[in-house]
Amino acid sequence: MLLNIKYFGMLAEITNCNEETHEFSKTSVNELLAELFRKYPELEAKDFKVAQNHEIVSNDSNITAPEIALLPPFSGG
Amino acid sequence: MKERKPKNVFKEGAISSEFIGNSIAKHQSKTSIGAHNIFLGQVRADVIEDKTVAAIEYTAYEDMANEKFHEIREATFEKFNLTCMHIYHSLGTVKAGEICLFVFVSSPRRKEVFKALEYVVEEIKAKVPVFGKEVFEDSSHQWKVNS
């Protein structure tokens, strides 16, 4: 599946982009993260959550939607 | 309960005192209201390692954030007897001393608005994907984390 991956806040500084497409042939969020950590080693040390369909999902859930977002700690208000 | 559609909560830049004043004035025709409660989030000039925060630059995962604001709004109307509720959050640059969050709840009775306002603000802080970059006077920056 061709994923559209969005990066926010400090994560976008590491990846140097706000979003990118990523061809993904495996299953889980963890497997996707392993691929992203290979591409961006600095990401691995960062605190963030993964959202799919605009909802936070656990890292052992399956990727089912093309839009995935990596969200650092929230700081609204 | 009336169906409410997701609205765009975000405004570019600071929320002005004129905008806030006009929002209050618009409620004078809603005479079932007996109590308003307002939260204003203001950008604080924190000093971190001798550097002073000059502004916060806000970005958001806007689609998800507007959905979360909508869910918070629906849950708040379920929990509390409110007449109306308005939420506005800044995007982009907000200087120290300016307002970045405006939450306005109204009810026939005061006790409801005290409880409802705290609930809404805490939910926003915890659940809405908004990210604040604290920009110092020397143009360096760090990423804010809600405490």
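User: Before we look at anything, what counts as buried, partly exposed or exposed here?

Analyst: A residue is buried if 20 or more other C-beta atoms lie within 10 Å of its own, exposed if 12 or fewer, and partly exposed in between, with the C-beta atoms placed from the backbone. This is a predicted model, where local features need pLDDT of at least 70, side-chain atom pairs count only at pLDDT 80 or more, and totals for chains, interfaces and linings use all residues. Residues are numbered from 1 along each chain as its sequence is written, and chains are lettered from A and ligands numbered from 1 in the order in which they are written.

User: Thanks! So is B:Val120 buried or exposed?

Analyst: B:Val120 is buried, because 25 other C-beta atoms lie within 10 Å. You'll find B:Val120 in helix H3 of chain B; helices (H or I, at least four residues) and strands (E, at least two) are DSSP runs, numbered from the N terminus.

User: What is B:Val120 in contact with, leaving aside its neighbours within four places in sequence?

Analyst: B:Val120 is in contact with B:Ile72, B:Thr76, B:Val103 and B:Val105. Contact means that the C-beta atoms of two residues, placed from the backbone, lie within 7 Å. As for B:Ile72, it sits 48 residues from B:Val120 along the chain, with 6.7 Å between their C-alpha atoms.

User: Which residues touch the most other members of the largest nonpolar core?

Analyst: Those are A:Phe8, A:Ala69, A:Leu70, B:Val103 and B:Val105, in a core of 45 residues. A nonpolar core is a set of buried Ala, Val, Leu, Ile, Met, Phe, Trp, Tyr and Cys residues joined through C-beta atoms within 7 Å. Strand S6 (residues 99-107) of chain B gives the largest share of this core, six residues.

User: And what does A:Phe8 contact, again leaving aside neighbours within four places?

Analyst: In chain A, the partners of A:Phe8 are A:Ala69, A:Leu70, A:Leu71 and A:Pro72. From chain B, A:Phe8 contacts B:Thr59, B:Tyr61, B:Pro129 and B:Phe131.

User: How many residues of chain B are in contact with chain A overall?

Analyst: 20 residues of chain B are in contact with 14 residues of chain A. Helix H2 (62-79), helix H3 (110-127) and strand S7 (130-136) of chain B each give two or more residues to that side.

User: New topic: what is the strand order in the open sheet of chain A?

Analyst: The order is S2-S1-S5-S3-S4, five strands with mixed pairing; two strands pair if DSSP finds at least two bridges between them. Strand S2 (19-23) and strand S4 (55-57) are the edge strands, each pairing on one side only.

User: What about strand S3 and S4 in chain A?

Analyst: Strand S3 (residues 49-52) and S4(A) are antiparallel and joined by three bridges, with A:Val50 opposite A:Val57. A:Asn53 lies in the loop between S3 and S4 of chain A. A:Asn53 is partly exposed because 13 other C-beta atoms lie within 10 Å.

User: Last one: what pattern does chain A follow along the sequence?

Analyst: Chain A reads β-α-β-α-β-β-β, with two helices and five strands. Buried residues make up 25% of its 77 residues.
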